[in-house]
Amino acid sequence: MKKIACIVALVVMAIGCKKNPLDITPDGRLTIKDVFESEIQTEAFLNTVYSSIPSYFAGYSWYSFLSPLSDESQDSDVGNEVGSGVTGRWIVGSLTPSDDPTTFGSASVNTDHYTSFWTGIRNANVFLQNIDNAKVSDAVKKSRFKGEAQILRAFYYWELIKKYGPMPVVDKPFDPGFDYSVLKRPTFQVSIDFIVKNCDDAISNPDLPIRITQASEGSRFSKAVAYAIKSEALLYNASPLWNHGNDAAKWAAAAAASKAALTALTTANEYILATDYENYFLNPADFVTAPRDRETIYERPGGLPAIAVANNSITAKTGALRAGTSPSQELVDSYDMKVTGEPAITGYLDADHLLPIINTVSGYKETDPYAGRDPRFYATVWHNNANYDNIAGAGKLYPLQIYSGGADQLIRTPPSKRNTHTGYYLRKFINSKLANTLAQTAGWKKYRLAEIYLNYAEAENEASGPVAAVHAAMNTVRNRATMPNLPTNLTKDAMRERIRRERQVELAIEEHRFWDVRRWKILDRTDKLVTGMDITKNANGTFTYQRFVTERRNAWQDKFRIFPIPIGDASRIPDFSNNQNPGW
Amino acid sequence: MKIYTFFKPGQPNRTLNKFLLVMKMILFFLTSAILQVNASSYAQKISLNRTNAPLDEIINEIREQSGYDFFYNLQLIKKARPVTINVKDASLDEVLIKCFDNQPLIYVLTTENKAIVIKEKLQPVIAKVSDNFAEIDLRGKVVDEKGEPLPGVSVKIKNKAGGVGTNINGNFKLIVETGDVLVFSFVGFKTVEYVVASGRNDITISMAEDLANLDEVVVVAYGTQKKATVTGAIASIQTKEIKQSPAANLAVTLAGRLPGLTAIQRSGEPGADVTNLYIRGQGTTNAQSPIVLVDGIERELTYIDPNEIESVTILKDASSTAIFGVRGANGVILVTTKRGSSEIPEINFTSESSAQSFTRLITPVNSYEFATTRNLAQINDGLTPTYSAAEIEHYRTQDDPLRYPDTDWRDILTKKYSLQQRYNLNVSGASKAVKYFVNVGQLSQGSQFKNEENLAYDPSYNLKRYNFRSNIDIQLNKTLKAYLNVSGTLEKQNGPFYPPGSSPSSFFVIAYMAAQGATTPGPLTPDGQVLTNTILATAPPYGILNRSGYQRLNRTNITASYIMDQSLDFLTKGLSVKAMASFDTRSGNIFYASKGFERYIMVIDPVTQNVSYKLGNGILETPLAISGSNSYSSLYNLQGFVNYNRTFNKHAVTGLILFQQQSNIIDVQLPFNYLGVASRLTYGFNNKYFAEFNAGYNGSEQFRKGNRYGFFPAVSGAWLVSNEKFLENNKVITNLKVRGSYGEVGNDRLSGARFQYLDNIAIAASGYSASLGNGQRINIASLGNPDLRWEVAKKTNVGLELGILNSFNLVVDVFNEKRDNILRNQGTVPVLNGLPLGVLPKLNFGVVENKGYEIELNFRKVFNKNFSLLTKLNLNHARNKQLFADEPLLPADYAYQYRQTGYQIGAPFGLIVDRYFTDVADISKSPKQNVGGHESRPGDFKYKDLNNDGFVDARDYAPIGYSNIPENQFGGAFNLTFKNFDLSALVQGVSHVYQYFNQLYGTWEGFNYVKRHTQSWTAERALNGTEIKYPRITTQGSPNNLPNTFFIVDASYIRLKNVEFGYSLPTNLSRKIGSKGVRIYANGLNLFTWDKLPTEDFDPEVGSSRDNLAYPMLRMYNVGVNVKF
């Protein structure tokens, strides 16, 4: 046996005497602990916290905006789509806990908001948990990082609960063994309180700037973003959807927050409304000490790629792929008359919106519907016979031929995705002077000063009635667009209507209408159908206008006010299933 | 000690039958002390003049002059007296008689073997006995049941030393005594005993093949074992069966042959004809494929020349795979290549030519049917039809083919038949010192697609493969053997260029060919430019095939193993050690030559009807642009064996300890390393009771230090009932064995990333802000699971082997496997935790149960000299169930609250089609079909509202059938020989298998139409009661193209996989051309298929989704000739 042992030992030595071959050199991986022991990597982690911000803009599937999911517009894919476009799926009411059409986004990031917002919250929590002990030499820098992470956490929470309703407050990363079954959905107020607290912490942070003044720091969160989030969140908290008893205190809190925001932002003209409404959306924010753009509070970096431009283009323009987002007649009807400042159309006599209630004192003429409207109309909508710049070379004007038989005509059947389905094309955001093959540099203006004015006006009107401050805020926004002041004799209800109309006009296509009609609980009035305008050119050169229903929709029921919690988590967390949002 | 080598370069064929003698002599060595072997050259007459010379010197002289080899014991020769001799041109006999006169030694001369054995003169008692019997110079012939001579049969005299082997003609010569018992034994035949009678010196022995041959040796892990003693579940086939198939890919030839092995071919593309192999179905959600060992080393199977293969064995249960420890859980495929064995050198030349065609190919409708069907779709959508009545009439009558063509794209782009040729030459032989098998092979497989002639480059799909192998065994001295196995493969796979991506270029050619309607003119304009239509503007298949450039993949694969085997009988009998070193390298080099080409679209002027062609898009003609990429991998493997094999009376003991280290480097990754020890202990008592213990103790770098090594034991036993007294001479039950095994085996091939026990957090570029962290961000790709372990399979197997009447042989195996520790995503951790599923550490908590059985029934009968029949039927079944999948329970309003837990791996889920909607009223009073974002219209599927909530949505998804890995497979092989003719066939089939033929071209109506689209739902047809084979067709989205019972279909099939018909030339004829045998044969692959698919456009075996547009399976007709020299 000794001999055998010898042989065995020899063989073992021959084969296995070197360093253990299973010990493979590490390949440069980090741990979270490593990250916060390095200043550069700590900063890099803050970039990671930022990286869950969605694309917004024309970032939904096939370069759609979110807008066609509201009564603002109609997507030209509808009727043509062969795959699974956002709009086509949405309007037939295919939203379910297991299928959210808005998460389809071939050309964008973080389209699955539920997942990406929770990822952002966790990353913010990891950052906040470690930042105090992180190796960052400069205390001011460290404090600023902390403030940014707090705002980011508030931002992700806010965007999350805006869509899904109240969610458990998560202020530190979960431990691996955490028992998720203990989680309960709180009240909306509790979620809002958490957002407000994060915003307040940031607002009181002396190391956070009120605005970014260096190009390299462009689009990092400033104190102003905290004000904007707080203003919007408290407004929603006071709105009918989340304020069942119409608690005036909630409106007062919202008004106070927006007022404080306005005070802080407009001190020394740090923020001020841009003078040119149309051009404002065509240019990126600039980050210098004395910037051209003082309106933008937060712009998501990254402009529209060329393909997104070509997918939201008028038909006759070279390189057009789709008409894309086409403003609806409902949006067009919401613009006031410039001279009188009065609404042109105040409502509809019929359910199909084919019989408009024309406000005769406004000066609106049904035979010439596009004359004399709010200048923001011309900045937002391409209508028939509007002069399109640069269609045949720089400076050459081209009157759009949306009338039947024209080069940009509406084609109802068979629907063509290259032609409008409403009689209008999108002008806002799309720089007509640039070719369809060029990307555009302007980013998505997520928060801007005008919204805060409107937030304030709405909250203050509800809290205190149409007081002077409400008028002042409204008129500030209207005057920038060279619109006259509101009449001074408006009742609270009339003022509410004017404020809602003002939001519809001022914030068109900016992903506000979709949420506003939900928090106002008016989906059943706005989302059953959209109409368009069929235009015929007469022999004498004049046009005849005929309204028509371009599409009936099936996503207006009460359950569509709040998105269902996705089926995954609804089946993983008992309370999410027991307290699933109503109707789902 | 003097060592003479057996190796005589240049004269390998000088010593017929030496091999057997050597075998005998080795036996001799084992039972005596040290013996010396002396090999010689040759001469006819012997001249010698010596005085008082030592006998060994004399022997040396005789050896050199005569060419005869001497075998003797070194100790023995020392007893010899000195020899004085003086002869000139004497015969060998003369000389020997003189030399051995008066010696204490005798010699035995076998002229057949040219060997002389020197023995001690018999002891007086035996000498006395032998004196009583007369010596007989016996001549004999050994034949099989058909009367064919059997070469290489061992002929021994019972209880005496010595023996001979039969030569090529089955003849032998032996000096025997009356009353001696001759024992004739040969692998695969029943041993025959013959008592030598006086007066007979010319005998013919007929040997019968033995179905339950107890001496048959089978390949097991890291060795061989007598089949009778095997206690585990294994199955194997031999080269003969493999070679009945002309398939280019070896893996294809295994389908239906081995009970327990499922082989599924997913593409027929030359050089990319992927075949997935499963042993006993699916046991895990991670890597399911078995490991493949070629001559003991993990190597690829597909490229091997079938002529190189001796056998393929699959190891199925824990007993046979535990020795592979952490790698054996999915079963093991052992490929053994041929080695030289015949002392008669054999040269084999084979030449084969095959005509190949597709088994199935999408068959689109003609242009008239296309136009009418497209119009119907548009009318269904409420749109204006595209084609006017006049245009349709043109398509129907074909009176204006320029403007209204009926283009048969299949005919333009594909060939009816293409050629495959295969040549093989191998030489094998064995002398005492050296055995060799040398093989060279060449395969060229042509394209099934037509290519333009006169192109400056070759874009055709084709494969050329060159193989060589050289397996050499050398007996260095009587205790030391060396083996050298070297093989190489060079593959050149050619095809048209297509941008590299997830699918091979053939996918696009097939897909776009299927998508291009017959109304598209083409393929070329009168100027020779590529024509296309507006829908496929960028992807005309003709252009992809011919004008887009080419790509060529060169793969080279070199494998080499060197083995030394040292007997340690001097330490203790039966002990030996062996060491093996292997170095393999594989490199691939893909070369792209891409080219832009212009696409034109035909325009018919609406007024003049003039035809013109306009450039379809901005793509212009460009010269070839060259690029490429390469891959490389290398493997080294070191193995050290200690083997023990000894029989003490009734106790047979074997033992094996194996140390193994392997390092595999793939491209530029850190190496994949293994280290481990494996062992096997077997014990047999009286050839009736057998017990085995197998264990692997090994580890891999996949796991954390301290967690790396695992111990995987298995125990097994067998009872050879037929060796018991009560059955020993039973004429009916000729073999009966029961066996059972239980053990644990591991699987460390965890899907995806490496080092999953570590966090994978890295610095990544393109952070949100350039002002933070140098513009970088931290990417949390995944978090580690420090407790990461391998999967553990607990396997039980019970087997029964029954042989009846020496004709029927039944093997039944029943198995049960429970695999736990399966690494899976944490499905119940909510998204709310903030780490996406892919980032959360995976945990070892999945559990899968897998049960089944295999039945193999063989029937073999030699009816007479001219007629024999062999039938092999096998059936296997494996059903798996996921017992734990960490899947959240869906809410109670879901018809099925789980999608995995409790279901088969990969079981498809979808909606259940109830019927077609008849009209609008029908839709409005039916549950709302909230599926896929498309409103239902008449003619669309009415799906079942399984949960009765008034809505059809994801809550109504139900399990539909089985996964795309079949649960059942059967094979039936038939082999019939009649005189010089032989006929064999293989029928193979699968069932309990479903495929999802989804909305891609050919199944979906978006681009082009096939037959069943012309039989779609219309109100009229529905009213008339005409058979409806497809829902309402549309040009838009519809609720129909979803996973549902219409598109997820039963893909069971039965195939006539192979037929072979052969004729062997009569020996006298083949001799005339100097050959030992000539066989001419014809065989075929995939000749007929019967299936249940609703369409004949696809082969049921080729996979689902995108893959149903893979290069289709090939049918082959092959003729070949095999010549032996």
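Here is a short tour, starting with how the model is to be read.

This is a predicted model, where local features need pLDDT of at least 70, side-chain atom pairs count only at pLDDT 80 or more, and totals for chains, interfaces and linings use all residues. Residues are numbered from 1 along each chain as its sequence is written, chains are lettered from A in the order in which they are written, and side-chain values use heavy atoms, leaving out hydrogens and water.

Look at chain B, where helix α8 (residues 367–380) packs with helix α9 (residues 389–397) at an angle of about 150 degrees, their axes 7 Å apart. Helices here are DSSP runs of H or I with at least four residues, and strands are runs of E with at least two. Axes are lines fitted to C-alpha atoms over the stretch in contact, with angles from 0 to 180 degrees between N-to-C directions. α8(B) and α9(B) are therefore roughly antiparallel, a term for angles over 145 degrees. On the α8(B) side, the contact (heavy atoms within 4.5 Å) is made by B:Ser367, B:Tyr368, B:Ala371, B:Thr372 and B:Asn375, and on the α9(B) side by B:Ile392, B:Tyr395 and B:Arg396.

Now turn to the chains: 72 residues of chain B are in contact with 72 residues of chain A. The area buried between them is about 6,100 Å², with carbon and sulfur atoms giving 64%; this is the accessible area (1.4 Å probe) lost on being put together, summed over both parts. Among the elements of chain B giving two or more residues to this side are strands β30 (575–594) and β33 (625–648).

Terms used: Angles under 35 degrees count as roughly parallel, over 145 as roughly antiparallel, 65 to 115 as roughly perpendicular and the rest as oblique. Buried area is the accessible area (1.4 Å probe) that two parts lose on being put together, summed over both.
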